[in-house]
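Please read them with the structure open beside you.

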Amino acid sequence: MLTDIHIKAVEVYFIPVDTRIPLKFGSEVLTSVTCARIKVTVENNSGQTAAGWGETPLSVQWVWPSSVSYSFRFLQIKNFVLELSKELNDYPVKGHPIETGHLFQKEILPEMLEKFNNMVTESENLPWLAALVALSAFDIALHDAYGNVNEIPVYETYNGYYMNKDLSWFLEPAKDKEISFKKIYPEDFFTLPA
């Protein structure tokens, strides 16, 4: 499909933010947070390029509650974001961001997390939730870039015209249910503003 994209470049920025009021997560109080801000440049099959941006707070207290020091946990999540940027910079898969993101999350992310955790000498590993939150900023940037390069609001692309796969590629119905996701797309489950 001409609108399919692949990643050309990934840039990572860490933005410190002080909270207006202290926030308590479990036994820890958060007074500041670092946001991972991601810029992804993509190219579509028509040869056009554009960038997209995504951001997420690296909420250590929320994604990795632990008695292990905050500084260790924060450094691990930050390092994982940097590892994700390297991996995604070399990610050759083309398609709609829902498809490419799903493949990355299912095929690459678990192995990346295991390899990353095997290099850590502390008693606790980076949890799956922290890996997903770190990946979320890249996912947001990829969707933004897809809409930008194809000059369309991205929420208008979650249908059979832009996507190569329907929901049956992503989902399996419960064994006791006779539901088919064939020819059904995310767009079928939300209403766009007029």
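1. The secondary structure of the protein chain comes to 4 helices and 3 strands, and from the N terminus on these elements follow the order β-β-β-α-α-α-α. Please keep in mind throughout that this is a predicted model.

2. As for overall dimensions, the C-alpha atoms of the protein chain fill a box of roughly 50 × 45 × 40 Å along the principal axes. Of the 194 residues in the chain, 43% are buried.

3. Helix 2 has 20 residues, and the span from its first C-alpha to its last is 29 Å, which is close to the 28 Å expected at 1.5 Å a residue. Its buried residues are Phe72, Arg73, Phe74, Gln76, Ile77, Phe80, Val81, Leu84, Ser85 and Leu88, a list that includes Arg73 as well as several phenylalanines. The buried residues of helix 2 pack against strand 1 (5-25), strand 2 (28-44), helix 1 (60-63), helix 3 and helix 4 (128-149).

4. Two packed helices are described by the angle between their axes and by the distance between the axes. Here the axes of helix 2 (residues 70-89) and helix 3 (residues 97-118) come within 11 Å and cross at roughly 130°; the two helices are therefore oblique to each other, and their crossing is right-handed.

5. Which residues of helix 2 and helix 3 meet? From helix 2 they are Gln76, Asn79, Phe80, Glu83, Leu84, Glu87 and Leu88, and from helix 3 they are Phe104, Ile108, Leu109, Met112, Leu113 and Phe116. By class, this contact has 9 nonpolar, 2 polar and 2 charged residues.

6. Asparagine 117 also lies in helix 3, and it counts as buried because its relative accessibility is 9%, where the cut-off is under 20%. Once its neighbours within four places in sequence are left aside, asparagine 117 is in contact with Asn125 and Leu126.

7. Tyrosine 146 is placed in helix 4 and counts as buried, because its relative accessibility is 0%. Leaving aside neighbours within four places in sequence, tyrosine 146 is in contact with Thr3, Ile5, Gly95, His96, Pro97, Val154, Thr157 and Tyr162. The C-alpha atoms of tyrosine 146 and lysine 39 are separated by 12 Å, although these residues are 107 residues apart along the chain.

Conventions. Residues are numbered from 1 along each chain as its sequence is written. This is a predicted model: local features need pLDDT of at least 70, side-chain atom pairs count only at pLDDT 80 or more; totals for chains, interfaces and linings use all residues. Side-chain values use heavy atoms; hydrogens and water are left out. Axes are lines fitted to C-alpha atoms, for helices over the stretch in contact, and angles run from 0 to 180 degrees between N-to-C directions. Angles under 35 degrees count as roughly parallel, over 145 as roughly antiparallel, 65 to 115 as roughly perpendicular and the rest as oblique. A crossing is left-handed if the near helix is turned anticlockwise from the far one by less than a right angle, and right-handed if clockwise. Contact means heavy atoms within 4.5 Å. Ala, Val, Leu, Ile, Met, Phe, Trp, Tyr, Cys and Pro count as nonpolar, Asp, Glu, Lys and Arg as charged, and the others, Gly among them, as polar. Buried means under 20% relative accessible area, exposed over 50%, partly exposed in between (1.4 Å probe, protein chains only). The expected span of a helix is 1.5 Å times one less than its number of residues.
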